[in-house]
Amino acid sequence: MVLPKAESYQTQFLVSNTLPMTQELSIVPVPQYSDSKVKPKRDLAWRIAPTLMISFKYAWAGVRYAFLSQRNFRIHTVIGTLAITLGIFLQIPLVELAVIGLTTGLVMAMEMLNTAIESVVDLTVKQTYHELAKIAKDCAAGAVLISAITAIFVAGSLLLPPLISRIESVLG
């Protein structure tokens, strides 16, 4: 960041008396030479959730957004649900079922992080191409791919032996 005439800035905490401190706390850069008070601009993206329930509401909004807008997230959700359902049907041990659930959750979380990274990169570079933006997006997508391959390996190694035994007992 280049500042004109080498002016220095400091970060100050500004708190308004109109709202509770948990909602209004903000970090705003204020010039050192200025004595005027700067009222922080509070957009929804910077608002601190006043209650735990509202935090959960925001988190659920992110999950809902990912499910409604991201095809791959829906695919991971369906496949994960099928894997857990198959594990219950095959009556695999609870520890193995938990491992399948954890790897499924990891893939879904990675997909949401990928969506978040892509959104931030798109916000930054707008409609232009930048090699670093490509690297960030490709690496995030690669993380999802690695976690998905791992989940397939884990679910396959835990579900295939009992599934094959069940099929052999039915056919044989």
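Student: How do the axes of helix α3 and helix α4 lie relative to each other, and at what angle do they cross?

Tutor: Keep in mind that this is a predicted model. To read a helix pair, look at the axis distance and the crossing angle. Here the axes of α3 (residues 71–89) and α4 (residues 94–125) come within 10 Å, and they cross at roughly 175 degrees. Angles over 145 degrees count as roughly antiparallel, and α3 and α4 are therefore roughly antiparallel to each other.

Student: Which residues make the contact?

Tutor: From α3 you have N72, F73, H76, T77, G80, A83, I84, G87 and I88, and from α4 you have L97, I100, G101, T104, V107, M108, E111 and M112. Sorted by class, that contact of α3 with α4 has 9 nonpolar, 7 polar and 1 charged residues.

Student: Let me pick T104 from that list. Is T104 buried or exposed, and what does it touch?

Tutor: T104 sits in helix α4. Its relative accessibility is 12%, so T104 counts as buried. Not counting residues up to four places away in sequence, T104 touches H76 and G80.

Student: On to cores. Which residues form the largest nonpolar core?

Tutor: General idea: in soluble globular proteins, nonpolar side chains tend to be buried together. In this model the largest nonpolar core has 9 residues, namely A83, L90, I92, L97, I100, V154, A155, L158 and L159. Helices α4 and α5 (131–171) each supply at least two residues of this core, and the largest share, 4 residues, comes from α5.

Student: Take A155, then. What is A155 in contact with?

Tutor: Leave aside its neighbours within four places in sequence, and A155 is in contact with I100 and L160. I100 is one of the core residues and also one of the α4 residues in the contact with α3.

Student: Next, backbone angles. What is the phi of Q91, and where is Q91 found?

Tutor: As background, most residues other than glycine have a negative phi. Q91 has a phi near 55 degrees, a positive value in a residue other than glycine. You'll find Q91 in the loop between α3 and α4, and Q91 is exposed, with a relative accessible area of 66%.

Student: What about the phi of K126?

Tutor: K126 isn't a glycine either, yet its phi is positive, about 55 degrees. Its place is in the loop between α4 and α5. At 56% relative accessibility, K126 counts as exposed.

Student: Last topic, aromatics. How many aromatic pairs are there?

Tutor: You describe a pair of aromatic rings by the distance of the centres and the angle of the planes. The count comes to 1 aromatic pair here. F67 and F73 form that pair, at 6.5 Å centre to centre with 85 degrees between the planes. Planes over 60 degrees apart count as edge-to-face, and that's the label this pair gets.

Key
Residues numbered from 1 in each chain as written. Predicted model: local features only at pLDDT ≥ 70, side-chain atom pairs only at ≥ 80, totals over all residues. Heavy atoms only, no water. Axes fitted to C-alpha atoms, helices over the stretch in contact; angles between N-to-C directions. Parallel < 35°, antiparallel > 145°, perpendicular 65-115°, else oblique. Contact = heavy atoms within 4.5 Å. Nonpolar A, V, L, I, M, F, W, Y, C, P; charged D, E, K, R; others polar. Core = buried A, V, L, I, M, F, W, Y, C linked by side-chain atoms within 4.5 Å. Buried < 20%, exposed > 50% of the residue type's maximum accessible area, 1.4 Å probe, protein only. Phe/Tyr/Trp six-rings, centres within 6.5 Å; stacked < 30°, edge-to-face > 60°.
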